[in-house]
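Hi there,

Here is the structure I promised to pass on to you. Have a look at it first, and then read my notes below.

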Amino acid sequence: SLGGCLLIAGGVLLLWVCWKMYRELSVPLASDLPMARKLSLDLANRWSQFKVKGGTGSGTAHAVTGRVGFKWQPINSLLVRGTWSQSFREPSISEFFAGQAASYNNVVDPCITTTGPSTPPAGTYNCPSTVPTSTYGQVRVTFGGNPNLQPERATSRQIGFVWSPRFLEGLDVNADYYKVEVISAVGTIPAQTIVNSCYLQNVTNYCGLINRRGPYISNILDLNLNTGSLKTNGWDVGVRYVFPTTPVGQFKLSYSANFVKDFVSCNVLTATTDACVNYAGTGSGSSSYTVPKQRMNAGLSWSYGPWSAQWNIELIGKMYEPCANSLAQYASPPYGWCSKYDPNASNLGVNELGTTVYHDVQASYTVSSWNTTFTVGINNLFQKDPPISMTAFINNYLWYYYRIPGRFFYARIAVHF
């Protein structure tokens, strides 16, 4: 098969063209044999080419990627599956050419001193000759597109099973182990990481991204870039059970969970041996580097004639984040504004984002003659507040994982044509 896309625009971008050609092959290897009720092999190959004309990012990128997968059903109730695949992604138009804008983030300047403007704090590097004696808290950070980005490439591996035991009809259990490696990952680096790397770890590649006006940081340049590599592995687990029909209706139970073992980001700007950081279980104020080790969803549904109801539970596992405030350096309770003290981090505490559980309920009634369903529901039934974050920007919680505080009521009418 052959596919393509074309975009012509004015301004910075003049032309963006992509061509794709792919082939797929499914090979049945065995069926209806002992320990091989079904056995098949899936093969795929894809050729991609992207051409960008206009701006400093003009050029051509292409790649050949492949996929190999298998399905093995040794008995009727068990399916074993696995895949190995390659991926290729050209940066998006916005990642290439989004306009630059300013944000004001909470950043702690490691060069701040209390002993005088001519004495940098012990354990710091590259500080100005006149160091600040106080901080503004929020620092200007410039973000936006980068026309010099390179494509992302990835390799994925996955193996798992689906089990539907005959002795308990209606039960399905699945579990999959995954491992994904991305190189030339497109993203941004947290502003605090840029500052810490320059002034605490003596990584001079970061220092060129920091501007100072007098002793104070005036701007941090944090454009999209190929940040380096990303490696993650973990488990996806799911359970679904349909109860036998009862006189009071049909009940269904579902459960899905993701367990992250590692989420390792290796920074291309860092030349030191500690360039790789495992963010599993860590909050950082950035959606790219905030990764709970456990996330779970469970649900119980009921239906009886035109009536139905659902109860859903969402769980976000605990995370720990650096505590970005000057009071964090106290090594005894109450640890400043932080929940713990980190003896391995200079002048930093640790803030615990506790396990958070949300409950949602809804009920529906369907009028078949009108093809209409009436639904009412409540999200966050017990008004669970998000944990307070010390790295969040503007809000005091990480909005991309946690919900807006408060209980939310809604009503919906759906008409099917």
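The torsion about the S-S bond of C266 and C276 is about 110°, so this disulfide (a pair of cysteine sulfur atoms within 2.5 Å) is right-handed. C266 sits in strand 13 (residues 250-267) and C276 in strand 14 (residues 276-278), so the link ties together parts ten residues apart in sequence. Strands here are DSSP runs of E, at least two residues, numbered from the N terminus. C266 counts as buried because its relative accessibility is 14%, while C276 is partly exposed at 42%. For these words, buried means under 20% relative accessible area, exposed over 50%, and partly exposed in between (1.4 Å probe, protein chains only).

Please keep in mind that this is a predicted model: local features need pLDDT of at least 70, side-chain atom pairs count only at pLDDT 80 or more, and totals for chains, interfaces and linings use all residues. Residues are numbered from 1 along each chain as its sequence is written, and side-chain values use heavy atoms, leaving out hydrogens and water.

How many disulfides does the structure hold? There are three. In case the term is new, a disulfide is a covalent bond between the sulfur atoms of two cysteines. One of them joins C111 and C127, with sulfur atoms 2.0 Å apart. That link is left-handed, with -90° about the S-S bond, and both cysteines, C111 and C127, are buried. Another pairs C198 with C207; it is right-handed, at 105°. C198 counts as buried because its relative accessibility is 1%.

Enjoy exploring!

Notes. Helices (H or I, at least four residues) and strands (E, at least two) are DSSP runs, numbered from the N terminus.
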